[in-house]
Amino acid sequence: MKTVVLAFAFALGPCAATLAADYTVATYDVSGMTVSEISASIKNAGPDGYAGSTDLEPPSYTFDFADKGGKCATQNAKITSYEIVVKMPNWTDEGSASSCVVNSYKKMRSALLQHEERHVKLFTDAKPALLSSISGVNLPGACTAETISKLEEAANKAFKAKQASVQKQNDDFDAKTKNGVTDKPPVVLDNCP
Ligand SMILES: [Zn+2]
């Protein structure tokens, strides 16, 4: 599997307008000369059998602690890594297939990228909420080793809970669009004669 940077991915897809969000694209190879061969190849090689996927790599974050009016609280919270990876198919037989199949694939790929970019937006929009879930978490008392350890645990738990709710938003979006099949444009491969 190869990973390419966003700018390169855009050069490949004319419909992938501008998106301020940062993400990387990983591709997997798909082969076939007909629509049904390509579909079978996607089912076999695609992420969970789907044509594409968008995942948030486990984010890294840091914070420290401070005594604040009788409480010990997290402060200076920062998300230090936040990598969104979009997996897309790379069709290896494009150069030799019929123009109908090429058009069908291109249409599907463009719709797929639009679908995955909706996931990217959900993950990107969630970043401030993830940050605030670990900001200002506090416990009564001074910042002793014991309090700090409990506070750390509470902040990690809050972050995980927020992350789960962001994942659920993405899962709900997939349920609503049947993983893109009922999207506009739909993520489908039109049949060719
Ligand atoms: Zn999806």
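Student: In what order do the elements of the protein chain run from the N terminus on?

Tutor: Please note that this is a predicted model. From the N terminus on, the order is β-α-β-α-β-β-β-β-α-β-α.

Student: How do strands of a sheet pair?

Tutor: Strands of a sheet pair through backbone hydrogen bonds, in either a parallel or an antiparallel manner. Here, an open sheet of 3 strands is ordered β4-β5-β7, and its pairing is antiparallel. Strands β4 (60-68) and β7 (138-140) form the edges, each pairing on one side only. From one strand to the next, the twist averages 20°.

Student: How many bridges join strand β5 to β7?

Tutor: Strand β5 (residues 71-81) is joined to β7 by 3 bridges. As an example, Lys71 has Pro140 in β7 as its bridge partner.

Student: Which strands does α4 lie across?

Tutor: Helix α4 lies across β4, β5 and β7, and runs at about 45° to β5.

Student: Why does Ala158 count as partly exposed?

Tutor: A residue is buried if 20 or more other C-beta atoms lie within 10 Å of its own, and exposed if 12 or fewer do. Ala158 counts as partly exposed because it has 17 C-beta neighbours inside 10 Å.

Student: Which residues does Ala158 touch, leaving aside those up to four places away in sequence?

Tutor: Ala158 touches Ser133, Ile134 and Val137. Ser133 lies 25 residues from Ala158 along the chain, yet their C-alpha atoms are separated by 5.7 Å.

Conventions:
Residues numbered from 1 in each chain as written. Predicted model: local features only at pLDDT ≥ 70, side-chain atom pairs only at ≥ 80, totals over all residues. Contact = placed C-beta atoms within 7 Å. Helix = DSSP H or I, 4+ residues; strand = E, 2+ residues; numbered from the N terminus. Pairing = 2+ DSSP bridges. Axes fitted to C-alpha atoms, helices over the stretch in contact; angles between N-to-C directions.
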